[in-house]
Amino acid sequence: FGDRLPRHQHDAIMQDDQALLAWLEDVTQLGLAVVENTPPVSGSLENLCRRIAHLRETNFGTVFEVFSKPQAVNQAYTAEALPLHTDQSNQETPPGFQFLHTLKNDAEGGISTFADGIRMAEDLRAQNPEAYRLLRDTKIPSRFFDDTCDIRFSRPVLGEDTRGEPVEVNFNRHLTDILDLDPDESIAYYRAYRAFLALTYDPKYRFELKSRPGDVFAFNNRRT
């Protein structure tokens with residue numbers, strides 16, 4: 001992306017349908033766009049999201065704060081860097097569009113990292129067709145549980161459309177549960193999984209920037 005990351009203005013989106021359309025087109029086509037100058041007050045993110053559609057509730061709620069805290073049940077609530085992943089692969093329907101609203105980011109570090117999972121899938125298919133096939137055809141279990149819930153679902157890492165093109169990524173190694181595969185299948189599958197994992201560490205796929213207060217990162221969770 002570099003300087004080409006699309007940026008849109010909060011007030012324009014809220015007041016002008018054409019500005020809303022331009023923002024949605026960028027998120028849909030590129031998988032990531034920024035909304036600037038979103039007020040850092042309660043309700044502003046919900047109102048922005050409702051310009052698109054209703055909000056869907058998960059076990060984390062509809063809107064939740066991400067901050068470092070002791071005895072965290074999720075790595076997002078720690079000061080550790082998050083590896084590239086898609087969210088909530090343990091859900092029957094993982095979130096589609098997600099929105100990260102920065103209220104405060106004056107600490108050292110705090111860089112956000114994004115990558116295009118569809119581009120990774122396309123390159124894996126070209127470089128290692130067997131690994132791509134295994135990640136497309138093999139359902140694996142994902143699970144999240146804490147003191148209040150235990151949610152699990154099985155699906156492939158990669159999903160295709162009716163044309164056979166990759167359109168969906170569900171990749172979260174911290175939620176991956178115990179694989180129920182034959183030993184020979186497990187060996188081949190882990191090699192395929194590791195091949196995709198290696199792509200997430202390749203700098204050519206990664207885009208990094210530091211968000212500013214008022215920024216909203218809007219992204220396609222099944223791609224980005």
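1. Contact here means that heavy atoms lie within 4.5 Å. In this predicted model, threonine 102 touches Ser211, Arg212, Pro213, Gly214 and Asp215, leaving aside residues up to four places away in sequence.

2. Where does threonine 102 lie? Its place is the loop between strand S3 (97–101) and strand S4 (111–115). Threonine 102 counts as buried because its relative accessibility is 12%, and buried means under 20%. With serine 211, one of the residues it touches, threonine 102 makes a polar contact from side chain to side chain, at 2.7 Å.

3. Phenylalanine 217 belongs to strand S10 (residues 216–220). Is phenylalanine 217 buried or exposed? Its relative accessible area is 2%, so phenylalanine 217 is buried. Residues up to four places away in sequence not counted, phenylalanine 217 touches Leu32, Ala33, Val34, Gln98, Phe99, Leu100, Ser112, Phe114, Leu209 and Ser211. Ser211 is also among the residues that threonine 102 touches.

4. Helix H4 (117–127) has a cap at its N-terminal end, made by aspartate 116. A side-chain oxygen of aspartate 116 lies 3.1 Å from the backbone nitrogen of isoleucine 118. Isoleucine 118 is itself buried, as are Gly117, Met120, Ala121, Asp123 and Leu124 of H4. The cover over the buried residues of H4 includes S4, H5, S7, S8 and H6.

5. Which residues of helix H5 (residues 129–137) are buried? They are Ala131, Tyr132, Leu134 and Leu135. These residues lie on the same side of H5, because the arc they cover around the axis is only 165°. An α-helix has 3.6 residues a turn, so residues three or four places apart point the same way. Among the elements covering the buried residues of H5 are helix H4 (117–127), strand S7 (158–160), strand S8 (166–169) and helix H6 (183–200).

6. How many cavities of 30 Å³ or more does a search of the whole structure find? The search finds 1. The volume of the largest cavity is about 60 Å³. Its lining consists of Ser89, Ile140, Ser142, Arg155, Pro156, Val157, Asn170, Phe171, Asn172, Thr176 and Tyr193. By class, that lining has 5 nonpolar, 5 polar and 1 charged residues.

7. A last point concerns serine 89, one of the lining residues of the largest cavity. Serine 89 and phenylalanine 217 are 128 residues apart along the chain, and their C-alpha atoms are separated by 20 Å.

Terms used. Residues numbered from 1 in each chain as written. Predicted model: local features only at pLDDT ≥ 70, side-chain atom pairs only at ≥ 80, totals over all residues. Heavy atoms only, no water. Buried < 20%, exposed > 50% of the residue type's maximum accessible area, 1.4 Å probe, protein only. Helix = DSSP H or I, 4+ residues; strand = E, 2+ residues; numbered from the N terminus. Arc of directions from axis to C-beta. Polar contact = N/O pair within 3.5 Å; in protein donor to acceptor, adjacent residues only side chain to side chain. 1 Å grid on protein atoms, 1.4 Å probe; cavity = no way out; pocket = protein on both sides within 12 Å on 5 of 7 lines; lining within 4 Å. Points joined across faces, edges and corners; volume = space filled by probe spheres on them. Nonpolar A, V, L, I, M, F, W, Y, C, P; charged D, E, K, R; others polar.
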